[in-house]
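This report goes through selected features of the structure shown below.

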Amino acid sequence: MSNVVIETRQLTKEFVRGESKVVALKDANITIEKGEFVALMGPSGSGKSTLLHLIAAMDRATGGEIRVLGEDLRKLSDGDIARWRNAHVGFVFQSFNLIPVLSAWENVELPLKLTKLGKAARLDHAKKALELVGLGDRLDHTPRQLSGGQEQRVAIARAIVTDPDLILADEPTGNLDANSARDALDLLGRLNREFGKTIVMVTHDPHAAKSASKVRYLEKGELLPIGQKPEDW
Amino acid sequence: MALPLTYNWRNLLARKTTTLMTALGIALTVAVLLATAALVDGLKTSLTSTAHPLNVLVMRKGSTAELNSNRSPEDYQIIKVKRGIAKGPNGEPLASLELVTVVILEGDLGAINITARGITPQGWLLREGVKIVEGRQFQPGRREIVVGKSIASRYPAARLGGTIDFGRGPWQVVGVMDAGRSAANSELFCDLNQLAADQNRATALSSVLVRAIDEVAMQALTNDLTADTRLNADAPSESSYYASQTQSAAPLQFIGTFVALIMAIGSCFAAMNTMYAAVARRAAEIGTLRVLGFSKGGILLSFLLESLLLSFVGGILGCLLVLPLNNLQTGIGNFVTFSEITFDFRVTPELMLTGLAFALFMGAVGGLFPAATAARKEILTALKQT
Ligand SMILES: Nc1ncnc2c1ncn2[C@@H]1O[C@H](COP(=O)(O)OP(=O)(O)OP(=O)(O)O)[C@@H](O)[C@H]1O
Ligand SMILES: [Mg+2]
C-alpha cells in the first residue's frame with residue numbers, strides 16, 4: 001500500500017446561489033502522505049474549510065478527483081461515507097461541538113456506539129482517550145462544567161477514540177486563549193509524532209502553523225504551489 | 001448500535017416545561033379515551049355477566065327488549081313442556097314466566113327509572129349468580145321486594161326494612177341481593193302475580209326464561225321455540241340478548257371517542273411542534289453527530305424515539321389519571337329499556353396497555369416529520385445553524 005493518505009486532482013467545488021456562482025475551490029491538486037501534519041492557511045473565504053470538508057466527505061465535490069485513505073470518495077454512498085468517517089476520520093471543530101447533555105466520557109464514547117465494542121471496552125477506550133488529553137479526572141463533567149480549553153481537549157479525545165488514521169481540524173484554536181491553544185496544539189503535535197496520525201489543520205494563526213510539518217496556502221479558491229504564499233501575507 | 005436513549009431522555013429533561021406541557025396534552029387525551037372505554041367496558045361486563053350460557057329468553061317476535069315483549073300464561077304452558085329444558089331439584093322444568101316493567105323511584109337525586117321484575121320461584125333457580133346478602137327472598141302473594149345492592153346503596157328508601165311506593169301502593173323491602181357484576185344489581189325482584197295484578201297485566205306478561213340441558217339441546221330448543229307458530233317467538237340466548245343491550249353505551253362511546261380523537265389530533269400537532277423546535281435548536285448537534293459517523297437513518301430513529309419517549313411519559317400520566325376511576329360506581333340510563341343500570345368503571349391492565357399504545361401512536365405521528373427533517377439536513381448546513 002502506498003503512503004499517500006490524501007490525493008486530489010483538479011478538485012473543484014462550486015456553490016450555485018440563484019443566478020450567481022461561487023467557485024470556493026478551483027482545480028486543487030494536493031498530495032498528503034501518511035504521518036504528515038499539514039497546516040492550511042490563507043485569507044478568509046479562500047477555500048480552506050471547503051477543502052477540509054471535501055477531504056472529510058462532509059460535502060461532495062463538483063469536479064475533479066479525490067482519494068482519501070484509498071477510497072474514491074465520489075463512489076461511496078451516504079451510508080458508506082458515514083461508516084467510513086466513523087472508522088477512519090476524526091474531526092475537530094473550532095467551536096468544540098460537544099453534546100451538552102452528555103458527560104465528557106459519554107461524549108468521547110459516542111463514536112464507539114457505532115462500533116461492535118461492548119460497553120466495558122467502550123468505557124475503557126473513552127477513559128484512555130481522556131487520560132491521553134489530560135482529563136482522566138473529568139470523566140463525569142458535562143461540557144458546561146468545563147473550560148473552553150478542556151472542552152476542546154474532550155473534543156480531541158472524541159476525535160481519536162476510534163483510533164482513526166486521519167485527523168482533520170478546522171481552526172481548532174480559534175476559540176481558545178493562548179495557553180489553551182498551546183495545549184491543544186501540543187496535543188495534536190504529540191498525536192502526530194508519537195502515534196503517527198496524519199493531520200490536516202486549517203488555521204489563521206501563524207504560531208499554530210509552526211506545530212505543523214508543512215504549510216500550504218490558499219488564495220481565492222486556489223491552492224498555491226508548495227512554498228508560495230498569497231501576496232501581502 | 002444507535003444513539004443511546006439516555007441522550008433523548010436528558011434532552012427531554014433539559015427542556016422540562018415544554019416536555020411536561022406536551023406530555024400533559026397527551027395524558028389528557030389518553031385519559032378521556034380510557035375513561036370512556038372503562039365506562040363502556042364496565043357496562044358491558046355488567047350486562048354480559050348477567051347471562052347464564054344455557055339460558056334462553058323467549059320473547060315475542062320482533063321485541064328488542066323484555067320491556068316491549070309480551071307473553072301470556074298460555075304461552076308459558078306451551079313453552080315449559082318443550083323438550084330439552086332442564087329440570088329443577090323439585091322436578092319442575094326450569095322455566096320462569098316473568099313480567100318486566102319500569103317503576104319510578106323517588107330519591108334525593110330526583111326520580112329515576114328502575115326495572116322491576118316479577119318472577120316465579122323458578123326464576124331464582126335460573127339465576128344462580130344472584131345471592132341474598134341481607135334479609136330473605138320475597139314471599140309469593142305478598143307485596144314484598146328484594147332489591148339489587150346498587151339500588152340499596154344509592155337510595156335510602158330502598159334499604160332493608162324500608163318501603164317504596166309504586167303501582168297501587170307501598171312495597172316492603174325484605175331482602176338485598178348481590179348479583180356480582182350483573183345487571184340484576186340494578187333491578188327489583190318481586191312476586192310475579194303481585195306485580196301483574198298491580199300493573200293490570202295478568203295475561204300480558206313479558207317473557208319466559210328457560211334453561212337448556214346442554215349446548216346441543218339448547219340449539220334444538222331454540223329452533224323448536226322459534227318454529228312453533230302458536231308462540232310467534234324470538235328465542236335469543238340470554239347472553240346474546242344482554243350483549244345487544246350494550247348498545248345503550250354506544251352514544252357515550254361515540255362522544256367519548258370523538259372527543260378523544262379531536263384531542264389526539266391536537267396532541268399530535270403539539271408533539272410535532274415540540275419536536276420541530278428540538279430539531280431546529282439542535283441543528284448543529286445533528287451536523288456533529290453526522291460527522292461522527294451517525295447515519296441519516298440513525299438520526300431519524302433517534303428523534304423518532306425521543307418523540308415516542310415523550311408520548312410514553314404522556315401515556316403513563318394518562319393511565320395514572322384514570323386509575324382512580326377503577327371500580328368507581330356509576331349509573332347510566334339504559335337507552336333500550338329506559339331504566340337505570342348501575343355498574344363500575346373498569347380500568348383493566350389491557351385497557352391501560354391500549355392507552356399506552358395510543359399515546360405511542362400519537363408520538364409516532366407527531367415525531368415522524370420532524371425526525372425526517374432532522375435526517376434530511378445537509379451536514380454543512382446543519383453545522384452552520386447555531
Ligand atoms: N454553502 C455555501 N454556499 C455558497 N457559498 C459558500 C458556501 N460555503 C462556502 N461558500 C463560499 O466559498 C468560499 C470559500 O469558503 P470557505 O468557508 O472554504 O472559506 P475559508 O477559507 O474557510 O474562510 P474562513 O477563514 O473565513 O473560514 C467563500 O467565498 C464562501 O462564501
Ligand atoms: Mg473556514
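## Helix pairs in chain B

Helix axes are lines fitted to C-alpha atoms over the stretch in contact, and the angle between two of them runs from 0 to 180 degrees between N-to-C directions. The model described here is predicted. In chain B, helix H2 (residues 16-48) and helix H12 (residues 349-376) pack with axes 10 Å apart, at an angle of about 145 degrees. The crossing of H2(B) and H12(B) is right-handed. On the H2(B) side, the contact is made by Ile26(B), Thr29(B), Val30(B), Leu33(B), Leu34(B), Ala37(B) and Ala38(B). On the H12(B) side, the contact residues are Leu351(B), Met352(B), Gly355(B), Phe358(B), Ala359(B) and Met362(B).

A second pair in chain B consists of helix H9 (residues 250-281) and helix H11 (residues 296-322), whose axes come within 11 Å and cross at roughly 140 degrees. Angles over 145 degrees count as roughly antiparallel, and H9(B) and H11(B) are therefore oblique to each other. The crossing of H9(B) and H11(B) is right-handed. Thr274(B), Met275(B), Ala278(B) and Val279(B) of H9(B) make the contact with Phe303(B), Glu306(B), Ser307(B) and Leu310(B) of H11(B).

## A helix pair in chain A

In chain A, helix H5 (residues 148-160) packs with helix H6 (residues 178-195) at an angle of about 15 degrees, and their axes are 9 Å apart. Angles under 35 degrees count as roughly parallel, so H5(A) and H6(A) are described as roughly parallel to each other. H5(A) passes H6(A) in a right-handed crossing.

Which residues of the two helices meet? From H5(A) they are Gly149(A), Arg153(A), Ile156(A) and Ile160(A). From H6(A) they are Ser180(A), Ala184(A), Leu187(A) and Leu191(A).

## Domains of chain B

Chain B is divided into domain 1 and domain 2. Domain 1 is made of the segments 5-48 and 248-384, while domain 2 covers 55-236. Taken over C-alpha atoms, the centres of domain 1 of chain B and domain 2 of chain B are separated by 46 Å.

## Cysteines

How many disulfides does a search of the whole structure find? Over all chains, the search finds zero. Cys319(B) is in no disulfide, and the nearest cysteine sulfur, that of Cys268(B), is 17 Å away. A disulfide requires the two sulfur atoms to be within 2.5 Å.

Is Cys319(B) buried or exposed? With a relative accessible area of 8%, Cys319(B) is buried. Cys190(B) also counts as buried, at 0% relative accessibility.

## Buried residues and their contacts

Ala169(A) is in strand E7 (residues 166-170) of chain A. Ala169(A) counts as buried, because its relative accessibility is 0% and the limit for buried is under 20%. Not counting residues up to four places away in sequence, Ala169(A) touches Leu52(A), Val92(A), Val200(A), Met201(A) and Val202(A). The C-alpha atoms of Ala169(A) and Phe93(A) are separated by 6.1 Å, although the two residues are 76 residues apart along the chain.

Tyr7(B) lies in helix H1 (residues 5-14) of chain B. Tyr7(B) is buried, with a relative accessible area of 0%. Leaving aside neighbours within four places in sequence, Tyr7(B) is in contact with Ile99(A), Val101(A) and Leu102(A) of chain A, and with Arg282(B), Glu285(B), Leu289(B) and Ser302(B) of chain B. Tyr7(B) and Glu306(B) are 299 residues apart along the chain, and their C-alpha atoms are separated by 8.9 Å.

## A partly exposed residue in chain B

Gln219(B) is in helix H7 (residues 215-227) of chain B. At 49% relative accessibility, Gln219(B) counts as partly exposed. Its C-alpha atom and that of Gly84(B), 135 residues away along the chain, are separated by 9.2 Å.

## Positive phi angles

Most residues other than glycine have a negative phi. Gln10(A) is not a glycine, yet has a positive phi of about 50 degrees. Gln10(A) is found in strand E1 (residues 4-17) of chain A and is partly exposed, with a relative accessible area of 41%.

Asn97(A), also not a glycine, has a positive phi of about 55 degrees. Where does Asn97(A) lie? Asn97(A) is in the loop between strand E6 (89-92) and helix H3 (104-109) of chain A. At 15% relative accessibility, Asn97(A) counts as buried.

Definitions and conventions
Residues numbered from 1 in each chain as written. Chains lettered and ligands numbered in written order. Predicted model: local features only at pLDDT ≥ 70, side-chain atom pairs only at ≥ 80, totals over all residues. Heavy atoms only, no water. Domains from an automatic or database assignment. Buried < 20%, exposed > 50% of the residue type's maximum accessible area, 1.4 Å probe, protein only. Helix = DSSP H or I, 4+ residues; strand = E, 2+ residues; numbered from the N terminus. Parallel < 35°, antiparallel > 145°, perpendicular 65-115°, else oblique. Left-handed = near helix turned anticlockwise from the far one by under 90°. Contact = heavy atoms within 4.5 Å.
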